[in-house]
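I opened the model to look up a few things about its two chains. My entries follow in the order in which I made them.

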Amino acid sequence: MLNMEVIQPDTNNWNLRLYVAGQTPKSLTAFSNLKKICEEHLAGRYTIQVIDLLECPELAEGDQIMAIPTVVRHLPPPVKKLIGDLANSERVLIGLDLRPKGQSI
Amino acid sequence: MRPAEPTLLPPSLLVKSPSGINGLDEITNGGFPQGRPTLICGNAGCGKTVFAMEFLVKGALQCGEPGVFVSFEETADDLRKNFSSLGFDLASLEKEKKIVLSYVHVDKSEIIETGAYDLEGLFIRLEHSINSIGAKRIVLDTIESLFSGFTNDALLRAELRRLFRWLKEKGVTAVITGERGGAALTRQGIEEYVSDCVILLDNRVINQISTRRITIVKYRGSPHGTNEYPFLIDSEGVSVLPITSLELDSHKGHDTRISTGIDDLDKMLGGQGIFKGSTMLISGSAGTGKTSVAGHLAKATCRSNEKCLFFCFEESTNQFLSNMRSIGLDLFSEIERGYLIVKSARPTMHGLEEHLVKIHRLIEETKPSLVIMDPITSFINSGTVSDIGLMLTRLFDYMKIRDITSAFTMLTDGGESQDQASLGISSIADVWISIARIRSKGTLTRELSVVKARGIGHSDSSREVLISSSGVSLAELNRSLPPEIKNAGGR
């Protein structure tokens with residue numbers, strides 16, 4: 001991946017969707033992990049929309065959901081897709097572009 | 001268990017879903033196992049997707065069973081376009097709620113794995129699609145793409161196992177396609193999960209002619225054909241050519257005899273000609289009158305108001321008709337009456353499979369009681385000798401089962417090998433007539449003998465073939481013939 005400066009998109013409005021299938025332990029873990037990370041890094045400028053596919057199965061196709069749980073970052077663009085219960089916060093941060101690659105922790 | 005049935009193939013207890021694919025249901029003895037998954041595997045480009053799609057489309061159109069096509073490779077739009085060339089109007093089937101096309105996009109580069117997950121989302125999508133039209137059939141093409149989308153192999157395998165169990169519980173008849181990989185049937189060993197019915201497709205090029213083959217590797221709980229069967233994909237979809245060693249037993253011999261159209265030949269065959277539904281081979285070297293003998297048979301059949309289908313592989317229809325007229329056989333009028341159908345085609349024009357599919361289709365369409373092929377040796381250029389022998393055997397079996405009398409001529413090299421029928425198909429002929437050319441005292445004479453005639457007391461002595469403007473006749477062997485009998489006909 002190229003490590004270059006890009007024009008920062010509007011980072012004041014984060015729109016995240018969390019796809020789950022019922023209240024399984026994995027979904028609950030994923031939600032609390034996501035909430036924690038967002039509070040830490042995006043306090044006040046994010047929304048999390050939880051979509052339960054057991055209730056709205058038709059919504060799975062639009063975001064090409066296969067794995068559960070999945071987090072889709074709709075805003076800011078580009079769309080990012082993270083699967084799993086978000087236990088590996090390092091990868092979550094990379095996946096959400098919250099920590100630019102190459103920057104030391 | 002019930003005691004064994006006396007028949008060889010007891011009525012299968014397994015319920016089957018007809019695939020609707022021409023010829024496939026004969027070799028699977030009725031179709032795919034209903035409510036269970038079937039695996040279709042093969043190399044790239046061997047027709048897996050076409051097979052799977054035809055299973056769905058035919059299911060929707062012929063069996064009233066709606067189906068879901070889950071594509072992991074092509075988008076729904078691509079599928080609609082690609083299959084319109086096979087005459088499948090997927091868009092309107094979708095509108096009528098008979099088919100759902102669902103494209104599942106898998107791309108590892110777009111997905112970041114951050115912890116434990118399962119594939120419940122895929123299950124939900126499948127269930128949603130199935131429920132939306134009350135689907136009875138589903139195709140997963142090709143599910144192995146999942147392995148390129150996720151890194152956790154162990155989890156995937158566990159989920160696949162769950163998926164197939166779930167499909168069985170749902171009672172949908174599933175077709176799963178898989179790419180051939182190395183020594184295994186599929187790259188990821190999907191066959192391990194789909195164990196009820198496994199079908200292998202193959203596409204190879206021999207002598208610059210591509211042939212597709214299908215083999216039923218396994219079919220749990222059901223008898224099935226075990227051979228490799230050729231199949232063809234053309235504008236009418238898939239056609240498998242069994243056709244059909246499984247039901248050969250159903251052929252019941254016939255007592256009815258039909259005339260060969262040559263009185264003298266009938267006399268050699270016990271006075272009544274050949275059995276209806278039998279297979280007659282006429283062999284001989286070039287110019288011995290094989291076609292003329294076949295022409296007589298055709299005329300005799302037409303005269304008794306039965307249909308005859310005549311394939312000319314070496315002459316054009318007009319050439320054949322005028323040659324026949326020169327020996328006093330008026331076949332024009334039989335064409336006009338609708339009792340004779342003559343088709344001429346160069347065997348090299350198509351591959352062997354395509355020819356046979358066309359022949360099968362013509363037989364289905366015209367329903368003749370006699371089929372003549374003149375000569376079958378022309379097929380030698382369109383396949384290997386063993387292939388041709390095999391395919392022709394199947395073709396003749398197919399006619400036999402339908403009570404169609406068949407006759408074919410075969411060109412032999414002359415000389416010593418005259419009696420050695422090539423292609424190994426002399427054994428399938430019930431009646432074998434051989435015409436040899438004998439050179440003696442500076443003249444050539446043709447001698448006809450009945451090599452074999454199953455179930456018919458036939459003459460063992462040879463007769464001389466005389467071809468005049470009033471047709472073929474046979475005479476006792478006599479080297480000093482009146483000179484006015486000239487050889488008017490060709491072959």
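**Entry 1: pairing across the chains.** I began with S4(A) and strand S6 (residues 111–113) of chain B, which pair in the parallel sense over 3 bridges. Helices (H or I, at least four residues) and strands (E, at least two) are DSSP runs, numbered from the N terminus, and two strands pair if DSSP finds at least two bridges between them. A:Ile83 has B:Glu113 as its bridge partner in S6(B).

I noted the conventions here. This is a predicted model, in which local features need pLDDT of at least 70 and side-chain atom pairs count only at pLDDT 80 or more, while totals for chains, interfaces and linings use all residues. Residues are numbered from 1 along each chain as its sequence is written, and chains are lettered from A and ligands numbered from 1 in the order in which they are written.

**Entry 2: the interface.** How many residues of chain A are in contact with chain B? I found 26 residues of chain A in contact with 19 residues of chain B; contact means that the C-beta atoms, placed from the backbone, lie within 7 Å. On the side of chain A that touches chain B, helix H2 (59–62), strand S4 (80–83) and helix H3 (89–95) of chain A each give two or more residues. That side divides into 15 nonpolar, 5 polar and 6 charged residues. Here Ala, Val, Leu, Ile, Met, Phe, Trp, Tyr, Cys and Pro count as nonpolar, Asp, Glu, Lys and Arg as charged, and the others, Gly among them, as polar.

**Entry 3: chain A.** I read 3 helices and 4 strands in chain A, running β-α-β-α-β-β-α from the N terminus on. Strand S1 (residues 14–20) and strand S2 (residues 46–52) of chain A run parallel and are joined by 7 bridges, with A:Ile51 in S2(A) as the bridge partner of A:Tyr19. With helix H1 (residues 25–42) of chain A, S1(A) and S2(A) make a right-handed β-α-β unit.

I then checked confidence. Chain A averages a pLDDT (the predictor's confidence in each residue, from 0 to 100) of 83, and 83% of the residues score at least 70. Over residues 1–7 of chain A the pLDDT is below 50, and this stretch has 3 contacts beyond near neighbours in sequence. Residues 101–105 of chain A also stay under 50, with 4 contacts beyond four places in sequence.

**Entry 4: strand S8 of chain B.** Why is S8(B) called largely enclosed? I found that 6 of the 7 residues of strand S8 (residues 173–179) of chain B are buried, so the rest of the structure largely encloses the strand. Buried means 20 or more other C-beta atoms within 10 Å of the residue's own, with C-beta atoms placed from the backbone. Strand S3 (residues 37–42) of chain B runs parallel to S8(B), joined by 6 bridges, and B:Pro37 stands opposite B:Ala174. Strand S7 (residues 137–141) of chain B also pairs with S8(B) in the parallel sense, over 4 bridges; there B:Val139 has B:Val175 as its bridge partner.

Entry 5: The largest nonpolar core has 157 residues, and B:Ile138, B:Ala298, B:Ile372 and B:Ile433 have the most contacts inside it. I took such a core as a set of buried Ala, Val, Leu, Ile, Met, Phe, Trp, Tyr and Cys residues joined through C-beta atoms within 7 Å. Helix H13 (residues 385–401) of chain B gives the largest share, 8 residues.

Last, I looked at B:Ile262, in the loop between strand S13 (257–258) and helix H8 (263–268) of chain B. B:Ile262 counts as buried because 23 C-beta neighbours lie inside 10 Å.

Note on methods: A residue is buried if 20 or more other C-beta atoms lie within 10 Å of its own, exposed if 12 or fewer, and partly exposed in between; C-beta atoms are placed from the backbone. Two residues are in contact if their C-beta atoms, placed from the backbone, lie within 7 Å. A crossover is right-handed if, with the strands pointing away from the viewer, the path from the first strand over the helix to the second runs clockwise.
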